[in-house]
Amino acid sequence: MLKVILISHTPNPEKIVASAAKMCYSNSGAENILDKLDEEKTTKFLEHLTSLGHESPLEHITFTFAVEGGSRSLLAQLTRHRMASYSVKSQRYVEEADFEFVTPPEIAENADAKALYEETMAKIGEAYEKLTEVLYQKHVLTMDEKSAKKKAIEDARFVLPNACETKLIMTFNARSLLNFFQHRCCNRAQWEIQALADAILWKVREVAPTIFAKAGPKCVSGACPEGAMSCGKRKQMQERYLAK
Ligand SMILES: Cc1cc2nc3c(=O)[nH]c(=O)nc-3n(C[C@H](O)[C@H](O)[C@H](O)COP(=O)(O)OP(=O)(O)OC[C@H]3O[C@@H](n4cnc5c(N)ncnc54)[C@H](O)[C@@H]3O)c2cc1C
């Protein structure tokens with residue numbers, strides 16, 4: 001099961017973004033930039049930024065998440081978001097004997113599909129272990145046991161599936177997160193990354209409610225850009241994503 005933990009974020013995130021906006025639009029100096037930035041002023045500066053589409057001040061605050069229970073398929077989609085930093089469990093260094101795997105809901109709900117899926121995962125697991133052993137027996141003739149094991153698993157992993165579960169730490173700034181939500185909260189995104197994007201959005205909205213008040217797919221605050229491929233559910237998406 002997908003687990004997302006917000007393990008750290010910039011303290012006073014909204015105040016920091018507001019101070020950047022204040023620096024742009026007022027005569028305040030460095031020493032008094034945080035003065036008088038109460039909740040009301042902070043919200044005013046944030047709303048001003050949003051109305052102008054001035055997004056670079058959002059880059060001053062970051063959010064770090066620990067994620068587990070997602071598939072390697074999710075990982076491939078997630079890491080297309082280049083404006084973020086990732087540290088991922090390595091299949092070169094960590095053996096995947098008895099690997100955990102993610103089952104898509106459509107497969108889980110279909111008895112025949114589920115049986116075939118689980119049988120395939122079991123076969124892959126066996127192949128991985130056999131390959132590891134065969135390769136290990138060769139490598140250990142010329143190197144120490146630890147190095148031989150590492151060299152064996154780094155090639156054996158080539159048989160592992162997209163379904164294989166992974167774990168990672170990632171850090172996004174707020175501007176990049178807003179872009180991530182526009183792409184991945186959209187109904188056109190795949191279920192797994194949409195679930196991840198939703199989980200992240202609910203967490204960051206708790207700590208930076210004004211910044212993320214209108215976050216979500218593009219149709220929440222403007223027209224749907226998907227043309228003929230639109231899901232046609234703009235109203236439901238607005239109900240789901242616009243902060244109450
Ligand atoms: C529904 C859906 C379907 C998709 N299908 C495919 C697919 O079939 N094949 C595929 O390859 N990808 C696919 N993608 C991935 C998509 O093309 C993007 O790579 C991904 O969403 C990351 O978005 P991004 O580039 O905006 O994010 P980031 O990499 O985080 O970039 C953020 C923003 O920074 C700017 N930026 C970053 N790098 C550059 C650069 N080099 N030059 C100029 N500006 C830059 C852009 O404004 C960009 O929007 C799909 C995504 C979605 C949501």
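Predicted model: local features only at pLDDT ≥ 70, side-chain atom pairs only at ≥ 80, totals over all residues.
# A guided tour of the model

Residues are numbered from 1 along each chain as its sequence is written.

**Stop 1: the core.** Which residues touch the most other members of the largest nonpolar core? Pick out Val17, Ala197 and Leu201, out of 38 residues in that core. At least two core residues come from each of α1 (13-25), α2 (39-52), β2 (62-71), α3 (72-78), α7 (174-184) and α8 (191-207). The largest share, six residues, is supplied by α8.

- A nonpolar core is a set of buried Ala, Val, Leu, Ile, Met, Phe, Trp, Tyr and Cys residues joined through C-beta atoms within 7 Å.
- Buried means 20 or more other C-beta atoms within 10 Å of a residue's own, exposed means 12 or fewer, and partly exposed is in between, with C-beta atoms placed from the backbone.
- Helices (H or I, at least four residues) and strands (E, at least two) are DSSP runs, numbered from the N terminus.

Now zoom in on Ala197. Leaving aside neighbours within four places in sequence, Ala197 is in contact with Phe180, Phe181, Arg184 and Cys185. Contact means that two C-beta atoms, placed from the backbone, lie within 7 Å.

**Stop 2: two packed helices.** Show α1 and α2, which pack at about 65 degrees with their axes 9 Å apart. The axes are lines fitted to C-alpha atoms, for helices over the stretch in contact, and angles run from 0 to 180 degrees between N-to-C directions. From α1, select Glu14, Lys15, Val17, Ala18, Ala21 and Lys22; from α2, take Lys41, Thr42, Phe45, Leu46, His48 and Leu49, and you have the contact. By class, that makes six nonpolar, two polar and four charged residues.

**Stop 3: two positive phi values.** Asn12 sits in the loop between β1 (3-9) and α1. Its phi is near 45 degrees, a positive value in a residue other than glycine. Asn12 counts as partly exposed because it has 16 C-beta neighbours inside 10 Å.

Jump to Asp98, in the loop between β3 (84-88) and α4 (105-108). Asp98 isn't a glycine either, yet its phi is positive, at about 55 degrees.

**Stop 4: Phe101 and Ala108.** Phe101 lies in the loop between β3 and α4. Beyond neighbours within four places in sequence, Phe101 is in contact with Met121, Pro161, Ala163, Cys164 and Glu165. With 19 C-beta neighbours inside 10 Å, Phe101 is partly exposed.

Finish at Ala108, in helix α4. Ala108 counts as exposed, since it has 12 C-beta neighbours inside 10 Å. Setting aside neighbours within four places in sequence, Ala108 is in contact with Thr103 and Lys114.

Key:
Nonpolar A, V, L, I, M, F, W, Y, C, P; charged D, E, K, R; others polar.
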